[in-house]
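Reader: I would like to go through this model in questions and answers. Please show it before we start.

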Amino acid sequence: MRTNRSVILVCILVSMVLLLSPVYAEGTAPSKVNVSIYVYNVRGFDVSTGEYDADFYLHFKWNPDEVPKNISDQVTSFDLMNGRIDSQKTISSDPGDIWLGISGTFNKRVDLKDYPADLQTLTIEIENSNLNNTALVYVADQNESSLDKDVEILGWVIKGWDIYTTDHFYPTFGETYTRLVYKITISRSTSILFKTVLPAMLLMILGLFAFFIPPHDLFERLGLLIAVVLGSFQHHLAVSGTIPPAPYLTLIDAIMVTNYITQGFIIAISIYQFRQEEEKGLRLNKRMPFIVLAVAAVVFILIWQLL
C-alpha cells in the first residue's frame, strides 16, 4: 500500500514539474529558417492589370540539428501569395541548404493617385503552405538577398529593393503565418513628365497671354482662350488614355481641372474688363496675370486635398 502511495506521489510531482516548465507552459519555440531572394529578371509590368513576371533564386538555409525533420521536410512547401509559379527547378538540395530557381507571374493593386509622378512597388510574397508561425518562422536574409544590376523595367526607374517578414493572421482558421516579402520600388522615368505635365503647364501659360491683348479686343481674347481650352481637352483625353480608369482624380487630372477653371476665370475677367471703361480695364489688366496665377494655385491645392 505504501509503495502505491509513493508511486502516486512521485507521478503527481513529476506532472507538476512538467506543467510548470517553460517548454510546456509556453510551448516549443518555432523553428527558424533563413530565406533569401535574388531577382535576376523582371518583365512586362502592365499598369492596366497590375501584372508582371519575375525570375528569381530562392534560398532556404537552416541548422539541421535545430530543426526537426518533420519541419525541414516541409520547408520548401510554400505558396506565392500574390501570384502563381510558372516554373520551378531545384538547383541544389543539401541538409539545411536548398536552392530553387523560380519563374512566376505576379499582380498588385496599382495606385495611380500621384500619376505621372507615382511610385509603385512590385512584390514577391511567400508563405509556407502547411506550417503556421508556432512551428516555422521565416527570417529574411538581407545580406544574401539582392537585385541583379542588369534588371531593367521599361519606362520605369528602379529606386531600390527590400526584403522583410510580416505576420499574416487568418481569422477563419485562427492561425498566423509568417509571410516573406521581397519588394522592388520603382518610379516613372522623367520623360513621362515632359509628355504630360509640361504641355499642361504650357497651355496654362498660353492662356495668360490673353492679357497682352487689349481689353476692348474681346473676340481676339476669346479666340485664344477657346483654343487653349480645346487644346487642354485634347491633351487630357490623350493622357487619360495611357492609364486605366480610376475612381479618383490623379495628379494630372487635378492639373487639367485647374487649367479648365483658370481659363474659365480668365474668360469671365475678360468679359468684365470689356464692359468697363478703357482706362479702368487697362489698370486691372496689369494685375490680372498675378491674380490668375494665385487663383490657379489655390484651386489646385483645394482639388488635390479634397478630391
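Predicted model: local features only at pLDDT ≥ 70, side-chain atom pairs only at ≥ 80, totals over all residues.

Reader: Is isoleucine 205 buried, partly exposed or exposed?

Author: Buried means under 20% relative accessible area and exposed means over 50%. The relative accessibility of isoleucine 205 is 43%, so the residue counts as partly exposed.

Reader: What accessible area does the nonpolar patch with Ile205 have together?

Author: The patch is on the surface and is formed by Phe194, Leu198, Leu202, Ile205, Leu206, Phe209 and Phe212. Together, these residues have an accessible area of about 740 Å².

Reader: How many residues are in the second, separate core?

Author: Its members include Ala210, Ile269, Leu284 and Val292. This second core is separate and has 9 residues.

Reader: Which residues does phenylalanine 60 contact, leaving aside neighbours within four places in sequence?

Author: Phenylalanine 60 is one of the residues that touch the most other members of the largest core. Leaving aside neighbours within four places in sequence, its contacts are Val33, Asn34, Val35, Val75, Thr76, Phe78, Gly96, Asp97, Ile98, Leu100 and Tyr138.

Reader: How far from lysine 108 is the nearest side chain of opposite charge?

Author: Lysine 108 lies in the loop between β5 (97-107) and β6 (119-128). Lysine 108 is buried yet has no salt bridge. A salt bridge needs the side-chain nitrogen within 4 Å of a carboxyl oxygen. The nearest side chain of opposite charge, aspartate 111, is at 7.9 Å.

Reader: Where is glycine 50, and what is its relative accessibility?

Author: Glycine 50 touches residues including Phe45, Phe106 and Lys108. Its place is in the loop between β1 and β2 (51-61). Glycine 50 counts as buried because its relative accessibility is 0%.

Reader: How far apart in space are glycine 50 and phenylalanine 106?

Author: In sequence, glycine 50 and phenylalanine 106 are 56 residues apart. From C-alpha to C-alpha, the distance between glycine 50 and phenylalanine 106 is 8.2 Å.

Reader: Which peptide bond is cis, with omega near 10°?

Author: Proline 116 lies in the loop between β5 and β6. The cis bond with omega near 10° runs from tyrosine 115 to proline 116.

Reader: Which residue forms a salt bridge with arginine 179?

Author: Side chains of opposite charge can pair when their charged atoms come close. Arginine 179 is in strand β10 (residues 175-188) and its partner is in strand β6, so the pair ties together parts that are 52 residues apart in sequence. Both residues of the pair are buried. With the closest N and O atoms 2.8 Å apart, the partner is glutamate 127.

Reader: Which residues are linked with Arg179 in a network of salt bridges?

Author: The structure holds 7 salt bridges. In the network, Arg179 is linked with Glu125 and Glu127.

Note on methods:
Residues numbered from 1 in each chain as written. Heavy atoms only, no water. Core = buried A, V, L, I, M, F, W, Y, C linked by side-chain atoms within 4.5 Å. Buried < 20%, exposed > 50% of the residue type's maximum accessible area, 1.4 Å probe, protein only. Contact = heavy atoms within 4.5 Å. Patch = residues over 30% accessible without salt bridge, like charges linked within 9 Å, V, L, I, M, F, W, Y side chains within 5 Å. Areas by Shrake-Rupley, 256 points an atom, 1.4 Å probe, with all protein chains shown as cover. Helix = DSSP H or I, 4+ residues; strand = E, 2+ residues; numbered from the N terminus. Lys, Arg positive; Asp, Glu negative; His and termini not counted.
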